[in-house]
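User: I'd like to go through the charged pairs and the helices here. Can we take it step by step?

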Amino acid sequence: MRSLARQREVWLLAAIILLVAIIATRFPAFARPGNLLSVFNDTSILIILALGQMAVILTRSIDLSMASNLAFTGMAVAMTNAAFPAIPVVLLILMALAIGAALGAFNGLLVWKLGIPPIVVTLGTLTVFRGATFVLSGGAWVNADQMSQGFIGLPRIVFLGLPMLSWFAIATIALFYLLMTRTALGRSIHAAGINPVASVYAGIDVGRTKFLAFCLSGMVAGLCGYLWISRYVIASVEVANGYELTIVAACVIGGISIAGGIGSVAGAVLGALFLGIIGSALPVINISPFWQLAISGGAIILAVVLNARGERRQGRIILKRAEA
Amino acid sequence: MSDIAETRRHIPDRLDSPFKSALFSWETLLVLVAVAIFIINSIASPYFLNAWSLSDLTFNFTEKGLIALAMALLIISGEIDLSVAAIIALASTVMGMALQAGADTPMLVTIGIGTGLLCGAFNGMLVTRLGLPSIVVTIGTMSLFRGIAYIVLGDEAYKGYPESLAFFGQGYVGWVISFELVLFLAAALVFWFLLHRTSFGRTVFAIGNNPVASAFSGVRVERVKFILFCLTGLMSGIAAVLITSRLGSTRPSIAQGYELEVITMVVLGGVNILGGAGSILGVVLAAVIMGLVTFGLGLMNVPGIVMSISIGLLLITVIALPIIFNRIKERRA
């Protein structure tokens with residue numbers, strides 16, 4: 001099973017290299033390292049969000065409220081920054097992590113303690129968090145001139161040739177890799193998704209594991225709230241509207257099974273990169289950006305078809321075959 | 001005979017325990033909520049209790065409600081369709097293309113509904129032939145269908161639909177009773193009959209409760225699911241005709257975000273998101289409640305975003321309350 005999973009990420013990597021190669025035939029400069037690094041930088045936020053979503057999907061749940069959480073947390077830190085410019089950015093980032101995690105914990109508690117299906121809970125909080133953003137800001141925007149230089153500048157500071165935004169993504173990838181492969185929580189997250197019943201017998205608290213996964217996804221959504229606002233230098237209620245399904249799409253392309261248990265950090269990163277490359281390549285090779293949605297839709301369907309073929313071989317689907 | 005009738009009515013009731021084992025049935029709860037919101041609206045706004053404003057209210061839920069009827073069956077069978085709003089966008093775009101080619105009103109309506117049906121069939125094929133999870137397939141087709149609408153239209157819009165098309169989304173059948181409302185109620189009756197009074201409806205519940213057992217008892221699970229996806233596509237096509245007619249134009253961003261509202265309606269209506277339980281009456285009541293909430297808040301000049309927060313809170317509270325009550329009852333016992 002591990003070799004199969006690994007194989008899927010290899011295939012996805014090959015598909016990405018092929019994609020870049022095809023783009024390079026139309027526009028060679030796209031494949032230059034400098035440009036690829038800037039594509040990575042542009043995709044950083046989606047990568048971080050996809051990692052949080054991955055943890056949730058692995059436990060057989062889904063978090064549709066991430067984009068709304070991002071908007072709320074972003075608005076909260078932007079308003080704090082506008083009101084008290086003296087507060088250091090590091091504290092604001094900690095604040096973003098805390099607010100995001102609290103919103104995630106709210107989802108997690110409803111799933112854990114009341115047993116409401118995650119899709120219902122996060123469908124509700126999707127609108128509630130976005131509405132709360134409006135209530136918080138009164139519908140007003142926080143503009144560039146209201147934010148402090150340190151607040152806006154941090155993601156753009158270049159360190160070892162890469163902007164801090166990229167470093168945030170790299171650090172998150174590293175942390176998630178350690179978390180998923182080297183900690184008890186990572187094992188529990190996988191186990192709770194593969195076989196919840198067996199996990200309970202193995203002494204894993206499945207509900208608590210789901211709760212922690214939601215806290216995690218909320219925390220990264222909060223972090224991205226700060227990153228998004230400081231990168232695009234505007235905080236409004238509309239920030240990242242409709243982005244929740246893009247995040248799920250990145251996970252799906254990355255081979256993370258919506259049925260839980262199967263998926264890896266590399267998959268989530270590659271899935272997000274795949275969408276990021278399509279997004280940044282289209283204008284460069286003179287295809288109208290209006291094609292972007294249809295192309296990502298086609299890519300998602302193709303990825304699912306290929307993934308399903310891989311999963312079917314694993315024997316989890318034994319029962320499913322009886323349906324046909 | 002009476003035994004069979006008894007078990008028939010009982011099976012879905014027993015299996016949706018977290019949602020229905022409250023003090024009273026889910027539908028009663030929804031009626032109470034609806035009446036409460038109706039009273040609040042009447043007190044809060046002097047413009048609410050008036051035949052024309054109550055008629056306007058129905059436009060808030062009829063289009064989404066039509067889709068919710070079919071979506072309810074699909075969710076009861078254990079599947080989901082996130083692409084319904086994108087189907088509306090694509091069907092409306094194809095109607096616009098037909099308009100450019102000189103199609104008349106009957107032709108436009110046929111093309112709109114036909115496109116919806118085809119999109120639904122495409123979803124159904126992907127899910128049943130390839131055995132893929134529907135939530136993922138329809139996230140893909142959601143982008144694909146709306147993406148095609150964007151490719152065709154870009155930032156343009158189709159306008160200049162014939163006068164006769166306007167009847168579907170703006171017309172009245174008698175005095176203040178809109179064509180949309182009549183269509184919604186008629187469709188609700190048809191779907192109620194289909195789900196609660198036919199063997200097809202029984203198989204939908206059976207599949208949602210246990211697909212494997214259903215397959216072994218001779219139910220053609222994949223075929224039923226395919227039909228349900230076609231039905232959802234069909235209803236989205238009908239909704240596309242209504243919306244296009246009401247707005248008199250097509251933009252690729254038409255009906256953005258409707259999919260989540262439709263699913264909220266279905267879940268609020270007491271349909272178990274995991275499949276196997278639900279009723280058409282519940283969905284109709286939930287549609288009316290959502291119409292009441294958005295319209296009432298609109299009359300009180302509450303911004304749109306606060307309407308969505310209210311619907312989100314309503315969804316969570318209405319679902320969480322019976323569970324909390326049950327917990328308290330269990331603890332006392």
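Analyst: First a term: buried means under 20% relative accessible area, exposed over 50%, and partly exposed in between (1.4 Å probe, protein chains only). This is a predicted model, where local features need pLDDT of at least 70, side-chain atom pairs count only at pLDDT 80 or more, and totals for chains, interfaces and linings use all residues. Residues are numbered from 1 along each chain as its sequence is written, chains are lettered from A and ligands numbered from 1 in the order in which they are written, and side-chain values use heavy atoms, with hydrogens and water left out.

User: How many salt bridges over all chains?

Analyst: Four. The term covers a side-chain nitrogen of Lys or Arg within 4 Å of a carboxyl oxygen of Asp or Glu.

User: Which residue does A:D42 pair with?

Analyst: A:R231, at 2.5 Å from N to O. A:D42 sits in helix α2 (residues 33-58) of chain A and A:R231 in helix α10 (residues 206-232) of chain A, 189 residues apart. Helices here are DSSP runs (H or I, at least four residues), as strands are (E, at least two), numbered from the N terminus.

User: Is A:D42 buried or partly exposed?

Analyst: Partly exposed, because its relative accessibility is 41%. A:R231 is also classed as partly exposed, at 23%.

User: OK, chain B. What does B:E63 meet in a salt bridge?

Analyst: The side chain of B:R246, with 2.7 Å from N to O. B:E63 belongs to helix α5 (residues 62-76) of chain B and B:R246 to helix α13 (residues 221-247) of chain B, so the bridge ties together parts 183 residues apart in sequence.

User: And why does B:E63 count as buried?

Analyst: Because its relative accessibility is 3%.

User: What about B:K64?

Analyst: B:K64 forms a salt bridge with B:E261, with the closest N and O atoms 2.9 Å apart. B:K64 is in α5 of chain B and B:E261 in helix α14 (residues 258-268) of chain B, so this pair joins parts 197 residues apart in sequence. B:K64 is buried at 12% relative accessibility, whereas B:E261 is partly exposed at 29%.

User: Switching topic. How many residues of α11 in chain A are buried?

Analyst: Nine of its 10 residues, so by the under 20% cut-off helix α11 (residues 244-253) of chain A is mostly covered. Among them are A:E244, A:L245, A:C251 and A:I253.

User: What comes just after α11(A)?

Analyst: A:G255, which takes a positive phi of about 80°.
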